Amino acid sequence: MGPLVARLRFGPRPAPLWMQGGGCGRRWLGAEAGAGARAERQYLQRSVVPTLHFQPSLPRLPIPKLEDTMKRYLSAQRPLLDDSQFRRTEQLCRTFESGLGKELHAQLVAQDERNKHTSYISGPWFDMYLSARDSIVLNFNPFMSFNPDPKPDYNDQLTRATNLTMSAMRFMKTLRAGLLEPEVFHLNPAKSNTNIFKRVIRLVPSALAWYGAYMVNAYPLDMSQYFRLFNSTRLPQPGRDELFTDEQEKHLLVLRNGNFYVFDVLDQDGNILKASEVHAHLKYILSDNSPTPEFPLAYLATENRDTWAGLRQELLNNGNKETLGKVDSAVFCLCLDDFPITDLVHLSHTMLHGDGVNRWFDKSFNLIVAKDGNAAINFEHSWGDGVAVLRVFNEVFKDSTQTPAITPQAQPAPVDSSRVVRRLNFRLNETLKAGIAKAKEKFDSTMQTLSIDSIQFQRGGKEFLKKHKLSPDAVAQLSFQMAFLRQYGQTVATYESCSTAAFRHGRTETVRPASMFTKKCSEVFVREPSKNSPDQLKELIAQCSKYHSQLTREAAMGEKTEDQGRE
């Protein structure tokens, strides 16, 4: 397979070889397992059930009935409008439902019928992300922060960066070999998350496997996005960006002080480098005294996408094609920061946007490690959603802390890293220098408008709420409504995303948390709490929790009806 560039319209590109068929990855394993004990450290796990065993039989995302959509829309509008405004909205909805809405719904159903290989939302979702022209920093790229390693001495920056890198590579190898456990939501894990079930379900043909899991209340989730985790980058293009993936490449991209470094983390046979060698190469980079470039290239990836597209073309025209190719095709980007994290606010600013110098926001993900070992993943959002990133996040944390590749006392391999690690140099003309300077100015100005604060509430958390049969998510959403009401004197529309990964090529659906229940509850708590007994206040919260759970369930299931969702 050569480099792959995909313009995504109605779903992902044809799957790479390791994704075609449930167990094909085992052919890769057979070719690599001869290395004996070393091969065991190439993988996080060896799943009995092939990674993509359930993928061919996943149900299709159903299209909700138009009348049900209108009812939900009106329910979401009711707490935001007065009586006169709501009556007008009802009238508009009736006109839409019987006229243009009916026509558009029919077109959507017809389009879905023509694209049974994917979901009706997949193409528009890719278009939405890739056609957006705003900077992806703040607007799209989120981050997830790791907890510190529970063993304090393992939080040394070099030690932790090495262990996280090795675990991420093992995740990649396990995924591509078809040995990663399939992503399954278990409603009754005592029945479905067992060795007996796994041994049985692997014998069921992939075209039927979903039904077997469904019979024991297990819901396999879509994993079509996972291949974009590695060797992938969002490329700026005029009007609409592209997603690029090149699974042949073997090198890691490392950023430090705005300098770009690459070195191979896979050998010629596709095996992960020894941890001691990765350790040595990262130590070499951390000891490099090269100053921050006068014109740090990374600022360009923070620009408006059309502006960045034009400057990227200028880079290519100025003799940087091969160098940019190294950035685009790297397995992932490791960012080594030269300062410790001082508090949660500093952590949030650092991992969400940093100083613009030491991130490559277009990569599928940046693995960021601060001087004190604090670490996070910042990921580009167009290629996929939180389910895939959270999986690699959890697996990498578990592996790097429970079975770390090196110890703090480990010595790096006696290799000449200066012959292996390559610092990338970019040829910049006056146009590019001016573009970088302007991008820096815009980035700094935008980041100054961002305020972050935090408070840690110590008197109870999700376990306390669950004990009282309340949804932690519902209570969090209710707190937003109460805070806004207290601050601005009204409730407000809010957005919450909900994964539809239970369906083939599902992305996310919208939950509208503001309701008549949250409005009533917020008004009572903010304006007249003393007029209600504790039991009455508890009941108001319980009503909000019940209704929010219903909305979330409907969103997650795509409002599935009896005659939709299969095929």
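A salt bridge here is a side-chain nitrogen of Lys or Arg within 4 Å of a carboxyl oxygen of Asp or Glu. The model is predicted, so local features need pLDDT of at least 70 and side-chain atom pairs count only at pLDDT 80 or more, while totals for chains, interfaces and linings use all residues. Residues are numbered from 1 along each chain as its sequence is written, and side-chain values use heavy atoms, with hydrogens and water left out.

**View 1. R170 and D399 form a salt bridge between two helices.** The closest N and O atoms of R170 and D399 are 2.8 Å apart. R170 lies in helix α7 (residues 157–176) and D399 in helix α15, so the pair ties together parts that are 229 residues apart in sequence. Both residues are buried (under 20% relative accessible area; exposed means over 50%, partly exposed in between, with a 1.4 Å probe and protein chains only). Helices (H or I, at least four residues) and strands (E, at least two) are DSSP runs, numbered from the N terminus. A search of the whole structure finds 26 salt bridges.

**View 2. Seven strands make up an open, mixed sheet.** Their order is β2-β11-β10-β9-β7-β8-β12, where two strands pair if DSSP finds at least two bridges between them. Which strands stand at the edges? They are β2 (143–145) and β12 (422–424), each with a single partner strand, so one side of each has no neighbour in the sheet. From one strand to the next, the twist averages 25 degrees.

**View 3. Strand β2 meets β11 and two helices.** Three bridges join β2 to β11 (residues 375–379) in an antiparallel pairing, and F143 stands opposite N378. Helix α14 (residues 344–352) lies across β2, β10 (365–369) and β11, at about 135 degrees to β2. Helix α15 (residues 386–402) also packs on the sheet, touching β2 and β11, and its direction makes about 25 degrees with that of β2. Contact means heavy atoms within 4.5 Å; axes are lines fitted to C-alpha atoms, for helices over the stretch in contact, and angles run from 0 to 180 degrees between N-to-C directions.

**View 4. Strands β5 and β6 form a hairpin.** Six residues lie between the two strands, and G239 in the turn has a positive phi of about 85 degrees. β5 (residues 232–235) and β6 (residues 242–245) pair antiparallel over four bridges, with L243 as the bridge partner of R234. Both faces of β5 are covered: S232 and R234 on one side, T233 and L235 on the other, are all buried. In the loop between β4 (218–220) and β5 sits N231, which has a positive phi of about 55 degrees although it is not a glycine. N231 is buried, at 0% relative accessibility.

**View 5. E380 and R234 form a salt bridge.** Their closest N and O atoms are 3.0 Å apart. E380, in the loop between β11 and α15, and R234, in strand β5, are 146 residues apart. E380 is buried, with a relative accessible area of 1%, and R234 is buried with a relative accessible area of 1%.

**View 6. K442 and E303 form a salt bridge.** The closest N and O atoms of this pair are 2.7 Å apart. K442 is in helix α16 (residues 430–447), and E303 is in the loop between α11 (275–287) and α12 (305–317), 139 residues apart. K442 counts as partly exposed at 37% relative accessibility, whereas E303 counts as buried at 3%.
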